[in-house]
Amino acid sequence: MEVSTKSNFNGELALKAKKKENSLLNRIRQNKVAYFSLWFLLVTHIVVFLGPLVWTINPDELQEVGGLASWSLQHPFGTDDLGRDVFARMLHGGRITLLVGLAAMLFALFIGTVVGACAGFFGKLAESILMRITEAMMAIPNFFFVLVALTVLGTSPFMVILVIALSGWMEIARVVYGETLKWKEYEFVEAANASGATSIRILSKYIIPQIVPSIIVSGTLTIAGAILTESAISYLGLGIQPPTSTWGNMLQNSQQYIWTSPILGILPGAAITIVVLAYNFLGDGLRDALDPKFVKK
C-alpha cells in the first residue's frame, strides 16, 4: 500500500513537471531572443503607461531653460526646439503610439477573424465574395491605401486607427480561412453540426478556440506593422496631429535639428525601431512555442 502511494505521488510530480516544461512561457524561454523581447516589451509598456504618473512634467509646457537645452537632472533628455521636456514627450508620445498600434491590431484581428472564419466555414458564395474582397485589398499597396484614406477621411485618432486596421486585416483573414477549412472537417465539429448546433455556436465554441494560437501570433506581427505605419504617416504629417505627441511626429519635428541636436531624432527613431523589432521577434517565438510539433532543443 505504501509503495503504491509513493508511486502515485511520484507520478503526480512527474506529470506536474511535464506540464511545467511544456508551458507556453517555458517554451518561449528556450528562444532567448523572443524571451528577452517579451520582457523588454513588458518593461517598455509599464514605463510608458505608468511613467507619466511619476514624471509629472506637462509634455506641452514650455520650460524655463528654453529651447534645445542639453540634458540635466530636471530634463534628462533636454528640451526640444520650443522648450518642451523631451523625456515627458517620449513617455506621452509612446503611450499614444502604442495605444494606436494596440487598437489597430484589435480592429484588424476582429475583421480578419470574422472574414476568414465565415469564408472558410460557410464556403460557396460567402467564400467567393469574402476571399475575392480579401485578394482585391491585398492587391492595393498598403501604405498608398493609408495615405489616400487619411487624406480623404481626415486625421482624427479614430480614423488613424480605423484606416491602419483596414490596411492590415487581410493576412489575418487568410490565416484564419485556412485554419477554419482544416478544423471544420474534424469529427467533433461534424458531431456538433449533426446535433443541431447553430453555425455561430460551432464557430465560437469549437473552431475559433482551435485557431487562437495562430491569431495570437498574427496579433503580435500586426501590432508591429501598425506601430510602424502610424509612425510613418505621423512623420509625413498625416497621423496624430500636434500638439499631441507621438514618436512619429516627434521624429518629423526633429529632422531640421538633426545636426545641431541629434538626440531629438535618435530617441523616437530608436524607440520605434526597437519596439517593432521586439514585437517581430516575439511573434516568431510565439509561432514556434505554439506549434504542436514543438520540440525541446
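Visitor: How many aromatic pairs does the structure hold?
Guide: There are 8 aromatic pairs. Bear in mind that this is a predicted model.

Visitor: What kind of pair do Phe 121 and Phe 122 form?
Guide: Phe 121 and Phe 122 are edge-to-face, with 5.2 Å from centre to centre and 85° between the planes.

Visitor: And are those two buried or exposed, or something in between?
Guide: Phe 121 has a relative accessibility of 15%, so it counts as buried. Phe 122 is at 39% and therefore counts as partly exposed.

Visitor: What about the rings of Trp 183 and Phe 188, and why is that pair classed the way it is?
Guide: That pair is tilted, because the planes of Trp 183 and Phe 188 stand at 50°. Their ring centres are 6.3 Å apart. Trp 183 is buried at 15% relative accessibility, whereas Phe 188 is partly exposed at 30%.

Visitor: Which residues form one aromatic cluster with Trp 183?
Guide: Tyr 186, Phe 188 and Tyr 206 form the cluster together with Trp 183.

Visitor: On to packing. Which members of the largest nonpolar core touch the most other members?
Guide: Ile 207 and Trp 247 do, in a core of 48 residues.

Visitor: Which elements give two or more residues to this core?
Guide: H3, H4, H10, H11 and H12 do, along with helix H8 (170-183) and helix H9 (187-194). H12 supplies the largest share, 11 residues.

Visitor: Which residues of helix H11 are buried?
Guide: In H11, which spans residues 247-254, the buried ones are Trp 247, Gly 248, Asn 249, Met 250 and Ser 254.

Visitor: What covers them?
Guide: The cover on the buried residues of H11 includes helix H3 (32-54), helix H4 (86-122), helix H10 (199-235) and helix H12 (263-289).

Visitor: Now the backbone. Where is the cis peptide bond at Pro 243?
Guide: The cis bond joins Pro 242 and Pro 243, with omega at about 10°. Pro 243 sits in the loop between H10 and H11. Most peptide bonds are trans.

Visitor: What is phi for Leu 68 and for Lys 124?
Guide: Leu 68 has a positive phi, near 55°, and Lys 124 has one of about 50°. Neither residue is a glycine. Most residues other than glycine have a negative phi.

Visitor: Where do those two lie, and how exposed are they?
Guide: Leu 68 is in the loop between H3 and H4, and its 35% relative accessibility makes it partly exposed. Lys 124 belongs to helix H5 (residues 124-139). With a relative accessible area of 74%, Lys 124 is exposed.

Visitor: Last topic, the surface. Which residues form a nonpolar patch there?
Guide: The patch is formed by Ile 140, Phe 144, Val 148, Val 152 and Leu 153. Together they have about 470 Å² of accessible area.

Visitor: Where is Val 148 found, and is it buried or partly exposed?
Guide: Val 148 is in helix H6 (residues 142-153). Its relative accessible area is 38%, so Val 148 is partly exposed.

Key
Residues are numbered from 1 along each chain as its sequence is written. This is a predicted model: local features need pLDDT of at least 70, side-chain atom pairs count only at pLDDT 80 or more; totals for chains, interfaces and linings use all residues. Side-chain values use heavy atoms; hydrogens and water are left out. Buried means under 20% relative accessible area, exposed over 50%, partly exposed in between (1.4 Å probe, protein chains only). Helices (H or I, at least four residues) and strands (E, at least two) are DSSP runs, numbered from the N terminus. Contact means heavy atoms within 4.5 Å. Patches are made of residues with over 30% relative accessible area and no salt bridge: like charges are joined within 9 Å, nonpolar side chains (Val, Leu, Ile, Met, Phe, Trp, Tyr) within 5 Å. Accessible areas come from the Shrake-Rupley method with a 1.4 Å probe; for residues, only the protein chains shown count as cover. A salt bridge is a side-chain nitrogen of Lys or Arg within 4 Å of a carboxyl oxygen of Asp or Glu. A nonpolar core is a set of buried Ala, Val, Leu, Ile, Met, Phe, Trp, Tyr and Cys residues joined through side-chain atoms within 4.5 Å. Rings of Phe, Tyr and Trp (its six-membered ring) pair if their centres lie within 6.5 Å; planes under 30 degrees apart count as stacked, over 60 as edge-to-face and the rest as tilted.
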